[in-house]
Amino acid sequence: MVHTETALVLGASGGAGGAIARRLLAAGWTVRALGRGAPPRDDGLDWRRGDAMRAEDVRAAARGCAVLVHAVNPPGYRRWGELVLPMLDNAIAAARAEAATVVLPGTVYNYGPEAFPLIAEDAPQRPHTRKGAIRVEMERRLEAAAAAGALRVLILRAGDFFGPGARNNWFGQAIVRPGRPVREVRLPGPGVGHQYAYLPDLACTVERLLARRPTLPAFTRLHFGGHWDADGHELGRAVQRVVAAHGGAARLADFPWWQVRLAAPFVTTLRELLEMRYLWQQPARLDNRRLVALLGEEPHTPLDEAVEATLQSLDVMPRRPAPVAPASRTSSSASRTCS
């Protein structure tokens with residue numbers, strides 16, 4: 001089947017989906033998005049009214065698309081066990097009808113501690129959480145569909161997301177408090193290495209991989225390196241530097257896990273946070289050597305620059321703005337090529 005360069009992004013109003021949609025649009029793709037409500041104004045996307053839980057809506061939106069980005073999550077991140085796999089099945093069916101490539105932004109949730117500290121793409125997947133088990137099943141279904149020859153699959157696993165336009169993540173909801181100027185940075189795993197993925201860099205990587213998709217295996221699974229916080233403090237120190245450059249001050253503090261533990265019996269989201277705590281108690285790093293060997297380099301925005309853009313987007317910067325020091329605004333060549 002002959003395709004134009006058109007992609008459908010499920011989850012374009014979210015963090016990863018939005019970043020990928022914007023990057024593909026900037027690279028010259030026609031980008032469709034599926035949404036249940038009124039579309040954002042003047043964002044350049046071709047919005048189609050529909051629901052990812054309705055197979056016919058996804059099928060209609062995907063007609064003529066070469067790529068389907070599956071970055072959708074249940075509303076409010078609730079009812080994962082009921083909604084996630086049916087939504088994926090709808091995406092697989094639509095991609096199969098178009099012989100398209102499915103892109104899945106993956107996570108480290110697939111793995112338990114036996115795969116740590118450095119995790120290769122083919123490491124055994126023994127998840128320790130309910131969401132992790134669902135993630136493993138998502139990848140299994142995609143691999144089976146690719147093996148059947150009806151579609152292609154690209155999975156790019158990454159650490160915890162942060163970046164402009166992304167709020168439903170550790171950075172935007174817990175490490176800094178939304179809706180107020182930053183005065184405290186709460187560290188979930190001080191002293192423990194942790195991996196973060198700056199979404200514009202992840203989106204740039206997806207775009208570069210899609211440009212190579214005819215040469216990739218039908219089922220491709222790669223790891224994105226992103227930013228490695230070796231001691232669990234560096235992200236917090238970057239926030240401190242950026243805030244200080246804008247005339248403010250922020251102190252580092254431990255994340256209040258004890259409060260989460262007390263409230264968890266009554267709040268589903270907090271119970272799930274506790275399930276994920278093992279990822280903050282020991283180093284877990286996705287090994288990106290295969291990705292770098294394939295692309296030559298991984299897009300990488302310097303940490304202070306990435307943190308500043310994220311804080312500005314969250315509207316938590318001190319009220320007396322000043323430019324960030326020039327050294328923190330220096331971009332690598334990889335970052336500039338996707339700016």
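Reader: Why does Ala197 count as buried?

Author: Its relative accessibility is 0%, so Ala197 counts as buried. Buried means under 20% relative accessible area, exposed means over 50%, and partly exposed lies in between (1.4 Å probe, protein chains only). Ala197 is found in strand S10. Strands (E, at least two residues) and helices (H or I, at least four) are DSSP runs numbered from the N terminus. This is a predicted model, in which local features need pLDDT of at least 70 and side-chain atom pairs count only at pLDDT 80 or more, while totals for chains, interfaces and linings use all residues. Residues are numbered from 1 along each chain as its sequence is written, and side-chain values use heavy atoms, with hydrogens and water left out.

Reader: Which residues is Ala197 in contact with, leaving aside its neighbours within four places in sequence?

Author: Ala158, Gly159, Asp160, Phe161, Phe162 and Phe224. Contact means heavy atoms within 4.5 Å.

Reader: What makes Phe162 and Tyr198 an aromatic pair?

Author: Their ring centres lie 5.3 Å apart. Rings of Phe, Tyr and Trp (its six-membered ring) pair if their centres lie within 6.5 Å, so this one qualifies. The planes stand at 45°. Under 30 degrees counts as stacked, over 60 as edge-to-face and the rest as tilted, so this pair is tilted. Phe162 lies in strand S8 (residues 160–162) and Tyr198 in S10 (residues 194–198), so the pair ties together parts 36 residues apart in sequence. Both Phe162 and Tyr198 are buried.

Reader: Which residues touch the most other members of the largest nonpolar core?

Author: Val67, Leu156 and Leu210, out of 33 residues. A nonpolar core is a set of buried Ala, Val, Leu, Ile, Met, Phe, Trp, Tyr and Cys residues joined through side-chain atoms within 4.5 Å. Several elements supply at least two residues each, among them strand S1 (6–10), helix H1 (15–26), strand S7 (152–157) and helix H6 (199–211). H6 gives the most, with 6 residues. A second, separate core of 28 residues includes Trp170, Val176, Val185 and Tyr198.

Reader: How do you know that the length of helix H4 agrees with its residues?

Author: H4 (residues 130–147) has 18 residues and should span 26 Å at 1.5 Å a residue; its end C-alpha atoms are 26 Å apart, so the two agree. The expected span is 1.5 Å times one less than the number of residues.

Reader: What caps the N-terminal end of H4?

Author: Thr129 does, with a side-chain oxygen 2.9 Å from the backbone nitrogen of Gly132. Just after H4, Gly149 takes a positive phi of about 85°. Buried residues of H4 include Ile134, Met138 and Leu142. Their cover includes helix H3 (80–98), strand S5 (101–106) and helix H9 (268–275).

Reader: Why does Asp315 count as partly exposed?

Author: Its value is 47% relative accessibility, so Asp315 falls between the limits too. Asp315 has a positive phi of about 60° although it is not a glycine. The loop that holds Asp315 runs between helix H12 (303–314) and helix H13 (333–336).

Reader: What does the side chain of Asn288 make a polar contact with?

Author: The side chain of Glu298, at 3.0 Å. A polar contact is a pair of N or O atoms within 3.5 Å; within protein, one must be able to donate a hydrogen and the other to accept it, and residues adjacent in sequence count only if both atoms are side-chain atoms.

Reader: Where is the pLDDT below 50?

Author: Over residues 326–336. The mean pLDDT of the protein chain is 90, and 91% of its residues reach 70 or more. pLDDT is the predictor's confidence in each residue, from 0 to 100. Where pLDDT is low, the predicted coordinates should not be read in detail.
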